[in-house]
Amino acid sequence: MVKPCLLEYTREALVDLMAELGHKPFRAAQLQEWVWKHRTTDFEQMSNLPPALRAQLAERFSLRPLSVVEVSNSSTGGTRKFLSRMADGGHLVESVIIPAAEGKGGSRSDRITLCVSSQVGCAFGCKFCASGLLGLTRNLSASEILGQILAAEEISGTRVDNLVFMGMGEPLANIDNLLSALTLIMSPEGLNIGARHITISTSGNVPGLRRLAEFGKPLRLAVSLHGASDEVRSQVMPVNRKWPLGQLLPALEEWNRTGKHKITFEYILIEGVNAMLPEAAKLARISRRLNAKVNLIPYNTVEGLPWVRPSESHCRAFAKALSSAGIPVTMRYEKGHDINAACGQLRLKREGQGEG
Ligand code: SF4
């Protein structure tokens with residue numbers, strides 16, 4: 001049987017656990033220091049805990065919910081992708097370590113961003129995405145979300161100080177575990193990463209958006225739009241049939257009333273689907289209504305999928321149409337293209353080889 005992992009225990013939960021195991025409440029703070037400050041992976045190293053408590057903990061709990069089975073280095077930009085196997089018998093998830101951009105004067109910061117997965121697979125089936133091809137296997141626990149961050153730090157030898165929930169899965173479809181993980185990510189007793197360094201990316205899960213707004217933290221929000229009308233968006237994102245723009249846009253307006261950051265619309269440019277110039281005009285109208293900025297991403301070819309990337313000049317014309325309409329716009333090319341850093345691809349390849 002797989003032991004529950006202690007990573008997802010808040011201070012309050014650890015105090016309850018100490019009571020259950022017959023120990024004083026102050027042991028909870030000591031234990032949490034070993035888990036988060038020292039990043040300890042072995043109960044025996046917890047030298048200020050009584051041996052009896054260490055033995056009780058080791059018998060019932062683990063300190064890591066996953067093990068890294070593969071690390072791929074990109075030949076450019078320092079991006080590294082890793083694949084982790086969950087302790088419960090083999091599910092694979094992937095995470096991407098992205099180094100900070102080069103600073104002014106050529107100095108290189110040692111800060112890293114981690115692209116985190118929130119589910120094994122995904123039920124939402126966006127047409128451009130490898131993660132959706134295999135469907136949803138299960139939600140990740142809060143410990144499994146947190147475990148990716150600790151694994152990234154062990155691989156890179158650097159503290160993660162920026163998180164983007166843009167890996168496998170729809171984070172807002174796993175909202176309970178996401179909120180539990182975020183609580184420890186932001187806590188000074190946990191990872192102590194500020195809300196403004198955390199981006200939640202959603203395909204437009206309206207009930208999840210409302211829960212996240214109620215959580216009340218100034219997180220950054222990225223919304224995968226990929227279509228500025230229901231007709232186009234439903235072609236690319238089947239989730240639009242469940243929560244069409246008529247529901248999504250009011251939910252985002254509500255988010256704007258509580259959040260502190262501008263929403264970012266992610267918009268993958270796909271030849272002949274959503275990259276025509278009249279679509280840019282519709283996208284500009286929606287962006288103005290939501291006071292959002294737009295991140296354009298020329299489509300990243302995925303093996304086995306039919307979409308095509310528009311020409312460079314076409315992508316530039318689309319961007320110009322938005323900026324001429326007064327919308328802040330950036331163009332992003334996926335980092336680590338050569339290691340299949342688009343979400344889901346590394347896992348898909350491995351499972352396709354029968355290793356999953
Ligand atoms: S883009 Fe996100 S929501 Fe859509 S299928 Fe991929 S992982 Fe799921």
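Select helix H1 (residues 11–21) and helix H2 (residues 26–37), whose axes come within 8 Å and cross at roughly 125°; helices here are DSSP runs of H or I with at least four residues, numbered from the N terminus, and axes are lines fitted to C-alpha atoms over the stretch in contact, with angles running from 0 to 180 degrees between N-to-C directions. That angle makes H1 oblique to H2, since angles under 35 degrees count as roughly parallel, over 145 as roughly antiparallel, 65 to 115 as roughly perpendicular and the rest as oblique.

This is a predicted model, in which local features need pLDDT of at least 70 and side-chain atom pairs count only at pLDDT 80 or more, while totals for chains, interfaces and linings use all residues. Residues are numbered from 1 along each chain as its sequence is written.

Next, show Arg 11, Leu 14, Val 15 and Met 18 in H1, which meet Arg 27, Ala 28, Leu 31 and Gln 32 in H2 (contact: C-beta atoms, placed from the backbone, within 7 Å). The residues of this contact divide into 5 nonpolar, 1 polar and 2 charged, where Ala, Val, Leu, Ile, Met, Phe, Trp, Tyr, Cys and Pro count as nonpolar, Asp, Glu, Lys and Arg as charged, and the others, Gly among them, as polar.

Then colour domain 1 (6–60) and domain 2 (66–352), with bounds from an automatic or database domain assignment; their centres, taken over C-alpha atoms, are 34 Å apart. Their contact takes 7 residues from domain 1 and 12 residues from domain 2.

Finally, select the ligand, which 13 residues surround, the closest being Cys 122, Cys 126, Cys 129, Gly 132 and Ser 203 (near: C-beta atom, placed from the backbone, within 6 Å). This shell divides into 6 nonpolar, 6 polar and 1 charged.

Key:
Two residues are in contact if their C-beta atoms, placed from the backbone, lie within 7 Å. Helices (H or I, at least four residues) and strands (E, at least two) are DSSP runs, numbered from the N terminus.
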